[in-house]
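Keep the sequence handy as you read.

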Amino acid sequence: MSFLWDMAQDQRIGEVSSKASGARSQAQTAQEQTEQLESRLESLMLANAAMWSLLRERLGVTDGELIERMRQIDLLDGKADGKMSARVLECPTCKRTMSTRFRRCVYCGTPVAGGSPFPGV
Ligand SMILES: [Zn+2]
């Protein structure tokens, strides 16, 4: 009886160990992806700061103007949440709703006329 119980326990321990190993691997992958995103974000922040510095110096745009424009763009999706959300539009061919993130309808492939280089703006 004890032998059978020990075998069942060994099997359970093996299953739990396997699940822990899988979870460890998933956590490591998520950590690596987070580090890559942080690196990309820092590069974008640097480029953004450099562009803003040039605009301020060469065109005389003020911080207040930038902040006001950020507020206006933030409100384009109807929410003042400090984020940009992609807007939706209707495909001229199949009439399905699609995100402005895409340059073509994901259902029928129709190109979106006048797509913005910055979706949501
Ligand atoms: Zn379509």
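## A buried charge

Start with Asp74, which is buried but makes no salt bridge. The nearest side chain of opposite charge belongs to Arg71, and that one is 8.1 Å away. Keep in mind that you're looking at a predicted model.

Where does Asp74 sit? You'll find Asp74 in helix H2, which covers residues 63–74. If you skip the neighbours within four places in sequence, Asp74 is in contact with Lys79, Ala80, Asp81, Gly82 and Lys83.

## A negative patch

Now look for a surface patch of negative charge: Glu32, Glu35, Glu38 and Glu42 form it. Glu32 belongs to helix H1, residues 2–59.

Next, hop to the loop between strand E1 (88–90) and strand E2, where Lys95 is placed. Lys95 isn't a glycine, yet its phi is positive, at about 65°. Here's the background: most residues other than glycine have a negative phi.

Count 19 residues in sequence between Pro111 and Pro92, and you'll see their C-alpha atoms 9.4 Å apart in space.

What does Pro111 touch, not counting residues up to four places away in sequence? The answer is Arg103 and Arg104.

Definitions and conventions. Residues are numbered from 1 along each chain as its sequence is written. This is a predicted model: local features need pLDDT of at least 70, side-chain atom pairs count only at pLDDT 80 or more; totals for chains, interfaces and linings use all residues. Side-chain values use heavy atoms; hydrogens and water are left out. Helices (H or I, at least four residues) and strands (E, at least two) are DSSP runs, numbered from the N terminus. Buried means under 20% relative accessible area, exposed over 50%, partly exposed in between (1.4 Å probe, protein chains only). Lys and Arg count as positive and Asp and Glu as negative; His and the chain ends are not counted. A salt bridge is a side-chain nitrogen of Lys or Arg within 4 Å of a carboxyl oxygen of Asp or Glu. Contact means heavy atoms within 4.5 Å. Patches are made of residues with over 30% relative accessible area and no salt bridge: like charges are joined within 9 Å, nonpolar side chains (Val, Leu, Ile, Met, Phe, Trp, Tyr) within 5 Å. Accessible areas come from the Shrake-Rupley method with a 1.4 Å probe; for residues, only the protein chains shown count as cover. The place of a charge is taken as NZ of Lys, CZ of Arg, CG of Asp or CD of Glu.
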